[in-house]
Each structure stands twice: as C-alpha cells, then as structure tokens.
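Please look over the sequence and the structure shown here before reading the briefing that follows. The notes begin with the whole chain and then turn to one part of the fold.

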Amino acid sequence: NCLVHGSSTFGLCATVMPAPQQRVAEYIHVDDAESGEPSTATGSREVVGRPWILSWRMSASGPVVLGLLIAGALIAAALEVGRSVRARQARMAAEGLRQQKSEVPPSPASMGASANGARTEWRVVRGDAHNYPQLQLRLGSSEFAPFQLRGFDYSPISKCCGNNDASTFQKRLYTRDIPRMAAMGVNAIKLYGMCDGVLDKSNLCPPPEPGCERQPVTVADVRAFLDLCYSHRIFVLLASRAGPGDLEAYSHIVATYGAHSAVAGVILFDETLDLSNFNAAAKILHEGFCKVLGKDPSTTPVEEAGRIITTAAQMQIPQSDFQSKYGQYVNGWGFDPYSEWQYTENFLPDVPFKPYFIMENGINGAFNAGCRDDCPPCPTCDLQACKCIPCSCLAKPWREYVEWMSTARIAGLFIFEWTDENWKGGVKIVGGNTANVGGVPGETNAFCLQTKTKDDGPGFNEANHGLFAVAEDGQLVPKSMGGGETLASVLRQSWTNEEPGLGGFRGWQSVAKLPIAAATKPL
C-alpha cells in the first residue's frame, strides 16, 4: 500500500518479499513531477533476512577473521535498525501529510506540475441496448477506465463587466476559484468561449467597460490557466462561439492547446450552433487532436481521437436524425436539458449511441432559478410570486438534485453556475437618465449593480444563478440553505464522499450494464 505525500510526490510503500526475505519499507516514485507519469524507479534495496553462516578452516588467522566477521555483522545489524527507524519516521510523516491534505485544498506543489505533453488520453465506447456508453480516461501508461466529468460552467464575470470570454483567464479570479473547486471535488469545468489575442474576433473579447477590471488575454495566459487547473486535477472543456472565423478559431485551439494534459476536449459552439460549419469544425478538431497526440487522422476513428469532441446544444441533441447528420466527427453529445436526464430513462436504443454530457443544469433542482441571502421573507417560496427568492427556498430541490447526481449514469454533469453575474440582470435605467442607473446617482454602468429583486430588472434568475454570491471586494460568499448548510457544502459533501483515485483524480466509475427493460424511445 502506498501513501502519496508532499510536493515530491513520493509514496511510502511496504513490500512483502518471498521467504526467507523479510518485509521492508521502500520509497517508490509514484508520480514524476516533471512528466506527470508513473515512474518505475525505486530507491529501495532488498534486505535478505538469512542468518549469518560462518564457515572457515581453523588456522592461525581464524580468530582475526572471526572477529572481523562478527564486527561486520554487528555493523550491518545497526544499519538495518537505522533504516527501520527512518522508514517508520517517514511512514509517520506520510500519514501526517495525508491527513493535512484532506483538510486543505490541493496546491500546485502537492499535485504535480503540468506540461503540454500528451499524458492524458480520452476515448469513448458506444452504448447499445445492453450496455451504457462510456467515457474513458487513461493516465500515462495506465489502462483506460470509465470516468465521469463533474463540475461547473465557468464564466466568472466581475462587477461592472459585461458579458465576455476573457474573465476566465484573469489570474486574480481563477486563482481564487480553482483551489476552491478542487476542494469541493470538482474535476472539470466547461467554458463558453475563449480570448487569447488570436481567438478574439470569434468570441466575446471587447475592451472593458467603465469600472471593469479586466486585462487582455494572451496565449501564455491561457496556458498558465490550464497549468493551474491540471495541478489541481481539474480538466477543461475549451470552447469557441459561433462567429466570424470560427473554423480558424478551432484550428488555433486544437493546435495550440490540444495536447495539454488539462484539456479534456473542445465544445463546438454554445446553444447558438453554426450548423453550416458544424461538420467542418468537428473534422478540424478530430484531425487536429489526432495530429497533436501522434495519431493518424485517416485511420483513427473519432472514438479514439484522444480528446472529447462535443457541443453544448439544446433538445435537438437527443434526436437520431440530428446525430446522424452532424455526428461523423463528434464523439460525445452535450446539451442543456435542465432536467434529470440519464441513460436509464432517456437514450437511443436504435443507435449505437455515444456518451452524453449535461452541459447546464440549475440550482433549483435541475431547473433554472436564482436566489439571494438578503431577500425579505417569502414564506410561500412561490418562485413566480416572490420578488426575491431566498436560497433557503431551494434547499429541498437542491439536496434532491445533488443526491440524484451521485448515482446518475451519464458522462458529464455541469452545474450552471459557479458565481452570480451582475451583467445578466438587465438593471433598468431610472427615468431614462444614463447618469442615474438603478437609482444610484452618478452610476453610468448598469453592470456595476446587482439585481436584488425582480423589480430591479428582468434577469433576476440569471444574475443570481451562482452557488456563490460575489462581495463588493470580489470575495466569494457561499449561499445559505439554512441550518448551517450552504449550496456549496451540500455539493462538496457528495462530490468528496470518495477519496481521489488514480493520479489524484476524482470521477473514476465502475462499469454498469444497461437493463433492456429500461429502454425508452428518444425524446
């Protein structure tokens, strides 16, 4: 058994050797911090437990020889005792570090560094009337094993900022968020679009609005973001929007970031699908991933491309005619059902179907709703009648949804979303005077203001959809469910219920069969 500990990522292991050899403690370098792959190097030596057997012919030098042999035996025994003590001390240190790691979020030093090498590889296995489809992951030279993505839609747009794809790569924001996500058991995040100086014309990368703190994003910024995600064992589904030059954008994404270990795959558009370019964009991703991962795209099936190629559409996805028309180079289907959708109730029995991902489900169970902790009382919890929805009103459906997710058979579960976002509220300009926004004299940027009630603007739910509110100083504020629980604490309890598995990742799955009796027709 090995205990991984410390920034050196050494494991303290015990090896039982065949008799008459003895049990010894040894260090095995289980995870190379530079390459990220398991290492076969060991720092141990076998200690053979055979008794000393002395045999000599009596002569004048016999006593001298005997004395030397006895002295050597005593020295060897002393050295072995020293090794045993050091091994025990190391074992105790390892256990102490293991306990400490369970109490604090992982850090880049303790989880291992990332480079752009192809050390993670994904593949899919199609399902049929007897078997669930599988998303599978391989780390280094390990075997492929079933894996489920669990995480958030990530777009941490700050106070005073309008909708944009650059906020994700602002260091002050992602260094605030990624360690906290990892401590909650998150293993993946999903993006909507990207900025890096090359992708800007195809995505939302405008100059910052008045009062908005946001810096331009470079390729180096995106890579730094990916490095931090991987160091915390969080994968990323990259994305680009439907817009001018979207084919060139996907070519750039796959060539520049496709081999990075943190990249699980790429999302083709988001809800607004560029269907005229959909197949061409998917082909670019398939061929690009194959090339950067050292595969021949002409002979590699899409299921074996090494990365996930999917989308984030709506309810056109669970339709076989859509999949047959647009699925040649897609190896998984992502969509936003806002319902408890899984293989046991909803799948395509007439198609050898690919894995599905829920790309958005909300905090009102699976449904769409926002909430705040500073609302006046609303005893009915009528989500239509309450002008401000207390988060305690969502406690029951949220607990039930988290419980459902714990057993849901589907390849990915993403919650909408991580934080509240002011820009979605549509705060009204009082009296048509741009110098008096939301009743705040002198405020000219509505994105600086929170949507505190439905009277403030039409987007109450969207603006308050996060698991966390954001304080004026930018710090995250967990939303309360009452009774000392928060939306975040309930999710953390579920997603950290099991210890991390291979490579320090959470999300490894067991293989399950699909009962034929559970089959239903497509939606």
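Predicted model: local features only at pLDDT ≥ 70, side-chain atom pairs only at ≥ 80, totals over all residues.

Residues are numbered from 1 along each chain as its sequence is written, and side-chain values use heavy atoms, with hydrogens and water left out.

**The whole protein**

- The secondary structure comes to 10 helices and 20 strands, taken as DSSP runs numbered from the N terminus (helices: H or I, at least four residues; strands: E, at least two).
- Of the 523 residues of the protein, 48% count as buried, where buried means under 20% relative accessible area, exposed means over 50%, and partly exposed lies in between (1.4 Å probe, protein chains only).

**Strand 13 and its partners**

- Because six of the six residues of strand 13 (residues 356-361) are buried, this strand is largely enclosed by the rest of the structure.
- Strand 13 pairs in the parallel sense with strand 12 (residues 333-335) over three bridges, pairing being assigned if DSSP finds at least two bridges between two strands; here Phe-335 stands opposite Ile-358 of strand 13.
- Strand 13 also runs parallel to strand 14 (residues 412-415), joined to it by three bridges, and Gly-412 in strand 14 is the bridge partner of Phe-357.
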